[in-house]
Amino acid sequence: VYEPALASSLNNLSLRLADVGRIEEGLTAIEDAVTIYRRLAAANPAAYEPALASSLNNLSGRLADVGRREEGLTAIEDAVTIRRRLAAANPAAYTPNLAEALETYAQVLAEVGRRAEALAAAEEAVTLLEALADVLPEGFAEQLARATRRRDGLLADSREPPQPS
């Protein structure tokens, strides 16, 4: 009965600890939240997969903070998979979350040197956000601008000639 509240609190604690530079403690908190949400989602996916995806997104960030980018990539890939499934079933409710996960995915892919895949994820996020902004401009203008900047940065990086070593 109390596990969902505990997992939510651990997720929030992780974010606050990261905000004050206590990265390792934040990582531990989010790992605990993900463990709980995985167990809850296994028993009741409809109720807990959205929270699991959110926690996986946060886990990806904490892992990147401590230099464990490949593990962070796995976490965000899991989040994108869940959010794709949720958005396919209920686009109105979950497409914004999918776009957010794709933004994070693009960032992590770029950090591990997978630029072409990062660009594809960033372009997908922009496409989703453009459609959302067409319907509700004030609700998605800022997120669309951020995603567009990320995509444009990746495009610029992909066009730059390699630097001599």
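I read the protein chain along the sequence and noted the pattern α-α-α-α-α-α-α. I counted seven helices and zero strands. The model I worked from is predicted.

**Overall dimensions**

I looked up the radius of gyration of the protein chain and found 17 Å. The globule rule gives 15 Å for 165 residues, and the two values are close, so I put the chain down as being as compact as a globular protein of that length. I also boxed the C-alpha atoms along the principal axes; they fill roughly 55 × 45 × 25 Å.

**H1 against H2**

I took helix H1, residues 3-19, with helix H2, residues 23-43. Their axes are 8 Å apart, and the packing angle is about 155°. Angles over 145 degrees count as roughly antiparallel, and H1 and H2 are therefore roughly antiparallel to each other. I noted the crossing of H1 and H2 as left-handed.

I then listed who makes the contact. From H1 I have Glu3, Pro4, Leu6, Ala7, Ser8, Leu10, Asn11, Leu13, Ser14, Leu17 and Ala18. From H2 I have Ile23, Glu25, Gly26, Ala29, Ile30, Asp32, Ala33, Ile36, Tyr37, Arg39 and Leu40. Sorted by class, the residues of the H1 and H2 contact are 14 nonpolar, four polar and four charged.

The spacing of such lists reminded me of a general point. An α-helix has 3.6 residues a turn, so residues three or four places apart point the same way.

**H4 against H5**

Next I checked helix H4, residues 69-89, with H5. Their axes come within 8 Å and cross at roughly 160°. H4 and H5 are therefore roughly antiparallel to each other. The crossing of H4 and H5 is left-handed.

**H5 on its own**

How far apart are the end C-alpha atoms of H5? I found 29 Å. Helix H5 covers residues 91-111, which is 21 residues, and at 1.5 Å a residue they should span 30 Å, so the two values agree. After H5 comes glycine 113, and I noted its phi as positive, near 85°.

**H5 against H6**

I moved on to helix H6, residues 115-135. H5 and H6 pack with axes 8 Å apart at an angle of about 155°. H5 and H6 are therefore roughly antiparallel to each other. Is the crossing of H5 and H6 left-handed or right-handed? I have it as left-handed.

On the H5 side, the contact uses Thr95, Pro96, Leu98, Ala99, Leu102, Glu103, Tyr105, Ala106, Leu109 and Ala110. On the H6 side I listed Arg115, Glu117, Ala118, Ala121, Ala122, Glu124, Ala125, Leu128, Leu129 and Leu132. By class, the contact of H5 with H6 holds 15 nonpolar, one polar and four charged residues.

Terms used:
Residues are numbered from 1 along each chain as its sequence is written. This is a predicted model: local features need pLDDT of at least 70, side-chain atom pairs count only at pLDDT 80 or more; totals for chains, interfaces and linings use all residues. Side-chain values use heavy atoms; hydrogens and water are left out. Axes are lines fitted to C-alpha atoms, for helices over the stretch in contact, and angles run from 0 to 180 degrees between N-to-C directions. Helices (H or I, at least four residues) and strands (E, at least two) are DSSP runs, numbered from the N terminus. Angles under 35 degrees count as roughly parallel, over 145 as roughly antiparallel, 65 to 115 as roughly perpendicular and the rest as oblique. A crossing is left-handed if the near helix is turned anticlockwise from the far one by less than a right angle, and right-handed if clockwise. Contact means heavy atoms within 4.5 Å. Ala, Val, Leu, Ile, Met, Phe, Trp, Tyr, Cys and Pro count as nonpolar, Asp, Glu, Lys and Arg as charged, and the others, Gly among them, as polar. The expected span of a helix is 1.5 Å times one less than its number of residues. The radius of gyration is taken over C-alpha atoms; the globule rule is 2.2 Å times the number of residues to the power 0.38.
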